[in-house]
Amino acid sequence: MNILVLLAIDVLWLIYGIGVKLTKKRKHDYNLVVAFLILLLVGYFYFYNDYESVFYLISAYVILALFAFWVIIDNLVLLFKKNVSEFDFYNLEAELEHVSVSSELLRQRFISTIELIHDGISFRDDGTIFGTDRYIELLGIDNNEFTVEKFENLIHKDDLPQYRIKMEKLSKRNPIYTIDYRIVKDGNFLWIKERGKIIYLEKKPSIISTIKMMDVKRYPETQIDVLNNMPDVKKMFEEMQRLSRVKNTYHFVLISLSNVPQINEKYGRDFGDLMMGEYLEKLRFKFIKDNKSLFRISGVKFGLIIKDDLKFSLLDRALTGTGELLNMRMQFGGVTQVIYPNLGISESPYEGKTFDKVYQEANEALEIAMKDSFNQSYCFYDRI
């Protein structure tokens, strides 16, 4: 009978040992396994001559009871201490190595991503800014790490107050910002677009941001991209001919951004181009569905083909209502300007009306709208 008890204890102990291995318990749990086996062997050899005696049975039960008592107390202590993570110490080195490799991989990916980005990236913390090589190249700074004060000295004095206000308003509720400002580089003022976000680590704020130049000549992938890639008057006439062939009615709006020359004279042509690019992008968003319906005819003159009757109805109602829909107020840095366009509007309601006739009517309407004696900034040819 005692041999069955011994076998049962050994099986239970084997199951426990496997459980220890699978659950990655602490190293001293293995010492407990060894100690238990030693006690069983001592008992076995001590009672070898009288193996079937009641004393061996009692000793086996006592050892098993001690082991059960130890396991229960040990695990209860861990649970009350809320320190269950200590069970993972056995595999801690392997996990640390895995975390280290993953961290290094993320770091390398992050660095490689930064190198591929055309924008400059900066990290601001405790009055100090660290900028990537591209960042300091755009700003004309000779060191990757510099103070916020040095950075602000580069900003145009008219734009600096707005920049500081924008930074002060950042919070957990409003963490993202976008701002345009001018900087001094090589004795000239250049426009910068900055986009950033404030983050908090242990209640300590940091700001990560990207910048790109808004210079039309050197960096065409900016706001004024709409100007650089805009189809010309030849493409406009081809589109008008195509619409006539497929018997698609449309309205044609001839636009003259009348006060842009004054803006160019005051702030420079680059700034005027930025204003026009922003204006036309908003105009395209409101009234047309594609990128093939807005055309540049000459310097400040543009053609807009509206194929959607609902979009034209929106334009019509707005113009005949307040007339303010196309007057857009825009702000770059500390400069606020309003674009005041003049509009000449014609339509192609039937197949036989040629594209040059549609254009001629819109041009005549525009000339009327630009007269000082005319009391509106727009004119519909069919309502003259």
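Trainee: Which residues are buried in α9?

Mentor: Quick ground rules: this is a predicted model, where local features need pLDDT of at least 70, side-chain atom pairs count only at pLDDT 80 or more, and totals for chains, interfaces and linings use all residues. Residues are numbered from 1 along each chain as its sequence is written, and side-chain values use heavy atoms, with hydrogens and water left out.

Now, the buried ones in α9 are M236, E239, M240, L243 and S244, where buried means under 20% relative accessible area and exposed over 50%, partly exposed being in between (1.4 Å probe, protein chains only). Looking down the axis of α9, those buried residues fall within an arc of 140°, so they line one face of the helix; the arc is taken from the directions from the helix axis to the C-beta atoms. As a rule, an α-helix has 3.6 residues a turn, so residues three or four places apart point the same way. On the face of α9 turned away from the buried side you'll find exposed K234 and R245.

What does the buried side pack against? Its partners are β7 (250-257), β8 (294-298), β9 (301-306) and α13 (355-369), with contact meaning heavy atoms within 4.5 Å. Helices (H or I, at least four residues) and strands (E, at least two) are DSSP runs, numbered from the N terminus.

As for the helix itself, α9 covers residues 233-245, 13 residues in total, and spans 19 Å from first C-alpha to last, close to the 18 Å expected at 1.5 Å a residue (1.5 Å times one less than the number of residues). At its start, a side-chain oxygen of D232 comes to within 3.3 Å of the backbone nitrogen of K234. After α9 comes K247, with a positive phi near 60°.

Notes: A polar contact is a pair of N or O atoms within 3.5 Å; within protein, one must be able to donate a hydrogen and the other to accept it, and residues adjacent in sequence count only if both atoms are side-chain atoms.
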